[in-house]
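Student: Could you take me through a structure feature by feature, giving the general idea before each case?

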Amino acid sequence: MARNKYPEVTVKKILDVAQRLFLEKGYDNTTIQDIVDHLDGLSKGAVYHHFKSKEEIMDAVGDRMFFANNPFEKVRKRSDLNGLQKLRETIRVYQSDEERTSMTIQSIPLTRNPRLLVEMIESNRRIMTPYYQELLEEGNRDGSLHTEYAKEIAELIPLLTSLWLLPSVFPSDKAGMKKKFLFLGDMLEKMGVPLMDDSIYVLVEEFFDKVPEEK
């Protein structure tokens, strides 16, 4: 078989199809064969050459959707917002993306896979923590935040929101998840980062209402 000179084109095609099917049919109702059937002649072997499993495809789709509409980059250069306002705006931008929210909810059960869970935590540490730290330090400089723990909080927020709040890792019903978020807001405020205002809590309530109860 001729070697593919442009593997990135194949990967893009796989992710384009997978994203569309996951949004239309749902992750659970989409098979690898469904994806192959929409790839215009690409074989199942070509898919498995790039991705070991459907879970890996979902993980890659989620990453691509984040970078395509990165909320941190959208607020980064806005001179009309201080550091605290930028942090709040990143949450609003993230939650306003309905397709990404749908994908996030669908991917929650995948975190039972230890390897994917570790990759998610590492990705958050490598990508999300620097973004949070940048805005926390900006807030300290402009006076909208007052914390001695910018670095530590930047590490803590992605860890708690990507691990502690996951019902697949720490079993919890919706009421329990909402209470955890209230705790997170109170804790951050006591550390000089009053991130959660009423509008953020409304968005969080709406998100958790969409999350199916754990079976």
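**Reading a loop, a helix and a pocket**

Tutor: Let us begin with one residue of this predicted model: Asp 40 is exposed, because its relative accessible area is 73%, and the cut-off for exposed is over 50%.

Student: Where is Asp 40 found?

Tutor: Asp 40 sits in the loop between helix H2 (32–37) and helix H3 (44–50).

Student: What is the phi of Asp 40?

Tutor: As a general idea, most residues other than glycine have a negative phi. Asp 40 is not a glycine, yet its phi is positive, at about 50°.

Student: How should I read Phe 67, as buried, partly exposed or exposed?

Tutor: Phe 67 has a relative accessibility of 47%, so it counts as partly exposed. This residue belongs to helix H4 (residues 54–68), and its C-alpha atom is separated by 26 Å from that of Asp 197, which is 130 residues apart from Phe 67 along the chain.

Student: How much space lies in the largest pocket, and which residues lie nearest its centre?

Tutor: In general, rolling a probe the size of a water molecule over the atoms shows where empty space is left. Here the largest pocket holds about 1,200 Å³ of space; 47 residues line it, and Tyr 94, Thr 104, Asn 124, Thr 161 and Ser 162 lie nearest its centre.

Student: Which helix gives the most to that lining, and what is its make-up by class?

Tutor: H8 gives the most to the lining of the largest pocket, with 9 residues, while the helices that each supply at least two residues include H4 and helix H11 (198–210). By class, the lining comprises 33 nonpolar, 10 polar and 4 charged residues.

Conventions. Residues numbered from 1 in each chain as written. Predicted model: local features only at pLDDT ≥ 70, side-chain atom pairs only at ≥ 80, totals over all residues. Heavy atoms only, no water. Helix = DSSP H or I, 4+ residues; strand = E, 2+ residues; numbered from the N terminus. Buried < 20%, exposed > 50% of the residue type's maximum accessible area, 1.4 Å probe, protein only. 1 Å grid on protein atoms, 1.4 Å probe; cavity = no way out; pocket = protein on both sides within 12 Å on 5 of 7 lines; lining within 4 Å. Points joined across faces, edges and corners; volume = space filled by probe spheres on them. Nonpolar A, V, L, I, M, F, W, Y, C, P; charged D, E, K, R; others polar.
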